[in-house]
Amino acid sequence: MFADKSIITGYLNSIKYTVIGTVFSVAMIYLSAYPLSVCDLPGRKYISIFFIITMYFGGGLMPTYLTVRDTGLIDSVWAMFIPGGVAVGNMIIVRNFFEHSIPREMIEAAEMDGCSKWTTFIKIVVPLSKSIMAVMVVFSMVAYWNDWFTALIYLPGKENAPLPLILRNILIKSSASASQAGMISGGYAELSKLTEMIKFSSVIVAALPMLMIYPFVQKYFEKGMMAGAVKG
């Protein structure tokens, strides 16, 4: 696998996309979830419906591509983040956490002491929501690390390809070589075995960083998921 020098480039690109995308997505989720958790927000019901509609209906690949193209994001790394910046399902989990796990009295007390909405959000809400933040970080990291289709559509240059896309191309090439060898000579069995080895190796290469990071945030995972669940 590492005989191909593009693997290192793919690793660096995936790390860049994962770090930037995770920070961007978590920030957007928090900035959209917190206002919707405030009961007296004007139009709260209709704004929530607006978000939920996007979970069930979408324009499809071609309209989305045309929108990204017309905004000048083709062959730009921002095409990896902006079109899907807010994961609505994750936003609903965070909104429920804010509603049920952070006492409104504490927020009201901070505002009575002179804190602005922004100061209350930064100094009260964010520190009290570290557990659900850890869950969102894990979700976003896994999503961005495994995302190859977005790069395939919006990033035509090989120098910007993330690791999953490079591994996919290597696997396709090895499978094609095995098929050609089977038609030309009797070396199909060996190349087929090599293809399987590359396939299994690619799984380990792609999953190893996530396997190394997960133990450090695992302790927050269950707590955050239970706290963000719908209370009935």
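Axes are lines fitted to C-alpha atoms, for helices over the stretch in contact, and angles run from 0 to 180 degrees between N-to-C directions. This is a predicted model, in which local features need pLDDT of at least 70, side-chain atom pairs count only at pLDDT 80 or more, and totals for chains, interfaces and linings use all residues. Residues are numbered from 1 along each chain as its sequence is written, and side-chain values use heavy atoms, with hydrogens and water left out.

**View 1. Helices α1 and α6 cross at roughly 105 degrees.** Two packed helices are described by the angle between their axes and the distance between the axes. Here the axes of α1 and helix α6 (residues 117–128) come within 12 Å. The two helices are therefore roughly perpendicular, a label for angles of 65 to 115 degrees. From α1, the contact (heavy atoms within 4.5 Å) takes in Tyr 30, Leu 31 and Tyr 34. From α6 come Trp 118, Thr 120, Phe 121, Val 125 and Val 126. Seven of the contact residues are nonpolar, one is polar and none is charged. Nonpolar covers Ala, Val, Leu, Ile, Met, Phe, Trp, Tyr, Cys and Pro; charged covers Asp, Glu, Lys and Arg; the others, Gly among them, are polar. Helices are DSSP runs of H or I with at least four residues, numbered from the N terminus.

**View 2. Ile 29 is a buried residue of α1.** Helix α1 spans residues 6–37. Ile 29 counts as buried because its relative accessibility is 1%; buried means under 20% relative accessible area, exposed over 50%, and partly exposed in between, with a 1.4 Å probe and protein chains only. Leaving out residues up to four places away in sequence, Ile 29 touches Ala 87, Asn 90, Met 91, Val 94 and Met 136. Ala 87 is 58 residues away in sequence, yet the C-alpha atoms of the pair are 7.1 Å apart.

**View 3. Thr 18 is also found in helix α1.** Thr 18 counts as buried, at 6% relative accessibility. Its contacts, again without residues up to four places away in sequence, are Met 141, Tyr 144 and Trp 145.

**View 4. Helix α4 covers residues 88–101.** Its 14 residues reach 19 Å from first C-alpha to last. That is close to the 20 Å expected at 1.5 Å a residue, where the span is 1.5 Å times one less than the number of residues. Buried residues of α4 include Asn 90, Met 91, Val 94 and Phe 97.

**View 5. Asp 75 has a positive phi.** Most residues other than glycine have a negative phi. For Asp 75, phi is near 65 degrees. Asp 75 is in the loop between α3 (61–70) and α4. With a relative accessible area of 41%, Asp 75 is partly exposed.

Key
Parallel < 35°, antiparallel > 145°, perpendicular 65-115°, else oblique.
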